[in-house]
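Here are my notes on the model you sent over, point by point. Have it open on screen while you read.

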Amino acid sequence: MEYMAAGTSIPDVDMEFDKNIPRICGVCGDKATGFHFNAMTCEGCKGFFRRSMKRKAVFTCPFNADCRITKDNRRHCQSCRLKRCIDIGMMKEFILTDEEVQRKREMIMKRKEEEAQRESQRPKISEEQQQVINILLEAHKKTFDTTYSDFSQFRPPVRENTTRRITRSSSVQTQSYSSDSDPFNSSPEPSEYSFFSSSLFGDCSSDGSLGGPNDLKMLPHLADLVSYSIQKVIGFAKMIPGFRDLTAEDQIALLKSSVIEVIMLRSNQSFSLEDMSWTCGSEDFKYKVDDVTQAGHNLELLEPLVKFQVGLKKLNLHEEEHVLLMAICILSPDRPGVQDKALVEAIQDRLSSILQTYILCKHPPPGSRLLYPKMIQKLADLRSLNEEHSKQYRFITFKPEHSTMLTPLVLEVFGNEIS
Ligand SMILES: [Zn+2]
Ligand SMILES: [Zn+2]
């Protein structure tokens, strides 16, 4: 094999190696380092060609002008070596003048500087920010049990037509929550429910087919779910970096007003777009819109709630974004009764900035497009849902027989009209 026509038609000196071309110097057969002055050569022959051209050297062969150049003898005859260079296509036009070399160096330098500049301006998740994200992920993991195994401990769900009764595993009912009536004594534990107080508002139903003694059948079960979820949200909140720096009064004020919103947010994890239900394990704990209607739910809340769930689901949030959104929701300085608004705002600002940075760095397009404003809009939607919930909750608790179906924790957090 001869020296191939190494790169005779390849003008780009910076060209990458073609895997099919042997990396052998076309002049001497030594190991080549790439295309130099239009031919595949070793470093030695590259330098020899440049030097020879620069000083316009004229060589004479001491032999017969047909020396065979090899790696070992390439220094013996400069004349034949140079001739070989030209034969394989090396061109002096490819040699840069000193000025050109300088300009090229400067250009490379400039490009590197620009690159470094761009790199430094690109948003990056700092170690500290990542730490916050990790803590929130862990907090959520500890307070959201995706097996929903604790649901069987609630008072059983009772539905119209299909009266499914679950054997009570224990008397974990209203009374069992008494010990947890202080929301700050509850420890974070796995579990979650999704559908917050669906039947808390049975009497508000515009559906005339319901009413009578069958009314509010689902209330005990769902009240237990809500109560349980409140404990989980409290557990989550306590682990949010910065939350503990607030006074106990401010912690309570924040939780009281945000807990229903956070329950709506976290329930999105079990919400299914396929059948528009909150699927928490078995059939018994699959909460359909129909269930809620049968429980006499007021559509003024139900309709926008389902719409909210669909919209949120379609954002396809990463778990990181999901937990940050919940934390941001809780740390809202404009909640009623908050004293140290500046501190709450500072914590929320930090969380918001982490969320924005996360989206920029980790959420690929097109999903990332306007994702942050869309998420903030969801927080605004939650405010309306919260308001509607309060309205209907007040209405339902006017009836003492309904209030007694709730739990002390629910009554404490959402208020007790009869007391
Ligand atoms: Zn060579
Ligand atoms: Zn020679």
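1. A quick definition before we start: buried means under 20% relative accessible area, exposed means over 50%, and partly exposed is whatever falls in between. With that cut-off, Cys67 is partly exposed because its relative accessibility is 23%. Keep in mind throughout that this is a predicted model.

2. The big picture. The protein chain has 13 helices and five strands. It runs to 419 residues, and 48% of them count as buried. If you take the contacts with a separation of 6 or more, residues 24 or more positions apart account for 74% of them.

3. Now the zinc ion (ligand 1). Which residues hold it? The protein donors are Cys25, Cys28, Cys42 and Cys45, each through its SG atom, at 2.2 to 2.5 Å from the zinc ion (ligand 1). Along the sequence these donor residues are spaced C-x2-C-x13-C-x2-C. The angles between the four donor atoms come out at 100 to 121°, so the arrangement is tetrahedral.

4. Are they buried or exposed? Cys28 has a relative accessibility of 3% and therefore counts as buried. Cys45 counts as buried too, because its value is 0%.

5. On to the zinc ion (ligand 2). Here the SG atoms of Cys61, Cys67, Cys77 and Cys80 do the coordinating, at 2.2 to 2.4 Å. The spacing of these donors along the chain is C-x5-C-x9-C-x2-C. This site is tetrahedral, with angles of 104 to 116° among the four donor atoms.

6. Cys67 is the partly exposed residue from point 1, at 23% relative accessibility. Cys77, in contrast, is buried because its relative accessibility is 3%.

7. Helix α2 (residues 78–87) comes next. Its buried residues include Cys80, which is also one of the donors to the zinc ion (ligand 2). Ser79, Arg81, Leu82 and Cys85 of this helix are buried as well.

8. Helix α5 (residues 219–238) packs against helix α6 (residues 248–266) at an angle of about 105°, and their axes are 9 Å apart. The two helices are therefore roughly perpendicular to each other. From α5 the contact uses Val226, Ser229, Ile230, Lys232, Val233, Ile234 and Ala237, and from α6 it uses Leu255, Val259, Val262, Ile263 and Arg266. By type, the residues of this contact are nine nonpolar, one polar and two charged.

9. What does it touch, leaving aside neighbours within four places in sequence? Thr357 is in contact with Pro123, Lys124, Ile125 and Gln129.

Terms used:
Residues numbered from 1 in each chain as written. Chains lettered and ligands numbered in written order. Predicted model: local features only at pLDDT ≥ 70, side-chain atom pairs only at ≥ 80, totals over all residues. Heavy atoms only, no water. Donors = N, O, S within 2.8 Å, 3.2 Å for Na, K, Ca; no water. Tetrahedral: all angles 85-135°; square planar, octahedral: opposite > 155°, others 65-115°. Buried < 20%, exposed > 50% of the residue type's maximum accessible area, 1.4 Å probe, protein only. Contact = heavy atoms within 4.5 Å. Helix = DSSP H or I, 4+ residues; strand = E, 2+ residues; numbered from the N terminus. Axes fitted to C-alpha atoms, helices over the stretch in contact; angles between N-to-C directions. Parallel < 35°, antiparallel > 145°, perpendicular 65-115°, else oblique. Nonpolar A, V, L, I, M, F, W, Y, C, P; charged D, E, K, R; others polar.
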